[in-house]
Amino acid sequence: MRIAGIDIGGTSIKVGVFDGDMLVHKDSRKTPFDSPDAVCDLIADMLLGQNIQLAGVGTAGSVESFSDTVSASNLGWEGVPLRRMLTERLGVPVWVDNDAQAAIMAEWHDGVCRGAECAVYLTLGTGIGGAMIVAGKPYRGKNNLGAEFGHMIIHPDGPRCVCGRRGCLEYYASATALKRMAGGLSCRTIIDRAKAGDKAMLDVFDAFIRELCIGMNTLIMVFDPEYIVLGGGLSGAGEFLAERCQRELERIFADTTDPLYCRVRIARHKNDAGIIGAALLARENLL
Ligand SMILES: [Zn+2]
């Protein structure tokens with residue numbers, strides 16, 4: 001059985017074709033911003049002649065199950081019937097989920113939270129995406145709109161977030177936030193300097209970690225996950241990031257009577273997480 005995994009992001013569109021667990025074809029193109037139709041036409045073109053039987057999609061934005069549509073601010077999409085549009089073009093059953101859901105599936109399948117009963121995924125990028133596994137399955141909520149951890153309010157009097165609330169985690173703990181906290185320096189520069197022991201950059205990074213761990217503390221107390229997996233651009237900081245999060249959580253828990261069982265881990269799958277997870281979701285939900 002040949003299954004396509006499709007990753008729709010704000011920068012690129014990636015497709016992969018899997019025969020069993022084997023990746024047999026891969027392609028990546030720049031995301032067209034003309035219209036959702038242009039995106040679907042491009043995907044059909046990238047999969048031409050691939051003889052697929054199923055397709056799964058991990059897309060930026062949120063996928064509402066009730067209306068079966070996708071809304072994604074960074075793609076300029078509102079209520080796009082993506083599943084129907086792709087089913088028409090590809091001529092096979094299509095499953096659509098958000099990109100964080102695809103990423104956690106890839107990690108759950110053979111990555112750092114493999115087979116976990118309960119795990120939380122945070123994408124640290126321009127914003128903060130989220131997904132979770134509960135009882136060994138993706139947790140979707142009533143309308144598939146849950147796990148938006150980036151919009152947990154952590155400072156109620158904070159600045160207005162893109163979502164309209166005030167003081168969301170995403171405002172304080174995304175890659176965008178880290179950059180802002182260092183006066184506009186790139187995340188790579190901040191992390192390289194902090195790793196090299198630059199005191200000012202370490203202070204900025206640790207202040208950032210404190211904000212991120214306010215969110216993580218809530219996730220741990222609510223869900224008791226075995227792992228919090230970090231993905232997205234900022235996860236490129238690797239163990240430097242994971243260790244500092246773990247240490248800050250230990251500091252928070254040291255003042256409580258609660259044991260800290262949760263482990264912070266860096267996602268193993270990098271660029272291919274979306275296509276792998278999307279194909280797994282298609283197999284799990286359409287077969
Ligand atoms: Zn928000």
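Author: What follows is a set of questions and answers about this predicted model, going from the overall fold to single residues.

Reader: What makes the radius of gyration of the protein agree with that of a compact globule?

Author: For 287 residues a compact globule would have a radius of gyration near 19 Å, and the protein has 19 Å, so the value agrees with the rule. The C-alpha trace spans about 55 × 35 × 35 Å along its principal axes, and the chain forms 9 helices and 13 strands. Of the 287 residues, 46% count as buried, and among contacts with a separation of 6 or more, 62% join residues 24 or more positions apart.

Reader: Which domains does the protein have, and how do you know where their bounds lie?

Author: The bounds are taken from an automatic or database domain assignment, which gives domain 1 as 2–101 + 271–286 and domain 2 as 115–266. The C-alpha centres of the two domains lie 27 Å apart, and their contact takes 10 residues from domain 1 and 11 residues from domain 2. On the side of domain 1 that touches domain 2, the elements giving two or more residues are β5 (62–64) and α3 (99–110). By class, that side has 4 nonpolar, 4 polar and 2 charged residues.

Reader: What is the length of helix α8, and which of its residues are buried?

Author: Helix α8 covers residues 239–254, and its 16 residues reach 22 Å from first C-alpha to last, close to the 22 Å expected at 1.5 Å a residue. In α8 the buried residues are L241, R244, C245, Q246, E248 and L249. The cover over these buried residues includes α7 (199–223), β12 (227–231) and β13 (263–266).

Reader: What makes a set of residues a nonpolar core, and which residues have the most contacts inside the largest one?

Author: Such a core is a set of buried nonpolar residues joined through C-beta atoms within 7 Å, and the largest has 93 residues, with A55, V57, I104, A119, Y121, I228 and V229 having the most contacts inside it. Helix α7 gives the most to this core, with 9 residues, and the core draws at least three residues from each of domain 1 and domain 2. One of the residues named, Y121, is in contact with A100, A103, I104, E107, G130, A131, M132, V229 and G231, once its neighbours within four places in sequence are left aside.

Reader: How do you know whether L230 and I8 are buried or exposed?

Author: The cut-off for a buried residue is 20 or more other C-beta atoms within 10 Å. L230, in strand β12, has 24 such atoms and is therefore buried, while I8, in strand β1, has 30 and is therefore buried too. Beyond its neighbours within four places in sequence, L230 is in contact with L122, L124, S235, L241, A242, V264, I266 and A267. By the same criterion I8 is in contact with I13, V39, V57, T59 and A60, and the C-alpha atoms of I8 and T59, 51 residues apart along the chain, are separated by 4.5 Å.

Reader: What makes the phi angles of N51 and A147 worth a remark?

Author: Most residues other than glycine have a negative phi. N51 has a positive phi of about 55 degrees although it is not a glycine, and the phi of A147 is near 65 degrees. N51 lies in the loop between α1 and β4, and A147 lies in the loop between β11 and α4. With 9 other C-beta atoms within 10 Å, N51 is exposed, whereas A147, with 26, is buried.

Note on methods. Residues numbered from 1 in each chain as written. Predicted model: local features only at pLDDT ≥ 70, side-chain atom pairs only at ≥ 80, totals over all residues. Helix = DSSP H or I, 4+ residues; strand = E, 2+ residues; numbered from the N terminus. Expected span 1.5 Å × (residues − 1). Buried ≥ 20, exposed ≤ 12 C-beta atoms within 10 Å, placed from the backbone. Contact = placed C-beta atoms within 7 Å. Nonpolar A, V, L, I, M, F, W, Y, C, P; charged D, E, K, R; others polar. Rg over C-alpha atoms; globule rule 2.2 N^0.38 Å.
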